[in-house]
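Here is a short note for a first look at this model. Please keep the structure open while reading the points.

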Amino acid sequence: ASAFAFPDVKFVILGPDGGERERLEALCAKQGITNVLFSGEVSEQEKRYWYAAADVFVHPSEYEAFGITVVEAMAHGLPVIVSNRGGLPWVVHNAGLVFQDQEDLQFKVKMLLEDAKLRKKWGIQAFKKARKFTWDATVERLDALYQELV
């Protein structure tokens, strides 16, 4: 989602930057984009603060096998939007939104930001889905599979 399309929205990019932060900050400066904050690495406590402060969680990864940060955001009751890459669509399944391209991402961000009831609905779905990723639930599924195979 382009920061230009959402001038009243603060975009916060958390975590390690993979060596791209300087380039991205320079690109924002060149484009006159002032509503993007790059946090760098954050502690677990800081991460929880940011989840609590957020309205929407967007994970536009080019590749992600699982996406633990997506599950963390879901566990905080955040509506999530993820790219159609790797395991992300499987993680969110019917409890989050999956985008295909930049235009689709922008549409879905706009849709959620403009509709508090829709954000709440997707946040509840996300929270329910995140509960299925606990260790106890995983052990139960593995035990059931084991019993089936024996």
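1. Strands here are DSSP runs of E, at least two residues long, numbered from the N terminus. The model is a predicted one. Asp-8 sits in the segment before strand E1 (11-14).

2. Is Asp-8 buried or exposed? Exposed means over 50% relative accessible area. Asp-8 has 79%, so the residue is exposed. The C-alpha atoms of Asp-8 and Asn-35 are 7.7 Å apart, although 27 residues separate the two along the chain.

3. Now the sheet. Three strands make up an open sheet, ordered E3-E4-E5, with parallel pairing. Strand E3 (57-59) and strand E5 (97-99) are the edge strands, and each pairs on one side only. From one strand to the next, the twist averages 20°.

4. Look at the pairing of E3 with strand E4 (residues 80-83). Three bridges join these parallel strands. Phe-57 stands opposite Val-80 in E4.

5. Which helix lies across E3, E4 and E5? That is helix H5 (residues 102-113), which runs at about 150° to E5.

6. Next, a helix pair. The axes of helix H2 (residues 44-53) and helix H3 (residues 68-75) come within 10 Å and cross at roughly 55°. H2 is therefore oblique to H3. The crossing of H2 past H3 is right-handed.

7. Which residues of H2 and H3 meet? From H2 come Glu-44, Lys-47 and Tyr-51; from H3 come Thr-69, Glu-72 and Ala-73. By class, this contact of H2 with H3 has three charged, two nonpolar and one polar residue.

Methods:
Residues numbered from 1 in each chain as written. Predicted model: local features only at pLDDT ≥ 70, side-chain atom pairs only at ≥ 80, totals over all residues. Heavy atoms only, no water. Pairing = 2+ DSSP bridges. Helix = DSSP H or I, 4+ residues; strand = E, 2+ residues; numbered from the N terminus. Axes fitted to C-alpha atoms, helices over the stretch in contact; angles between N-to-C directions. Contact = heavy atoms within 4.5 Å. Buried < 20%, exposed > 50% of the residue type's maximum accessible area, 1.4 Å probe, protein only. Parallel < 35°, antiparallel > 145°, perpendicular 65-115°, else oblique. Left-handed = near helix turned anticlockwise from the far one by under 90°. Nonpolar A, V, L, I, M, F, W, Y, C, P; charged D, E, K, R; others polar.
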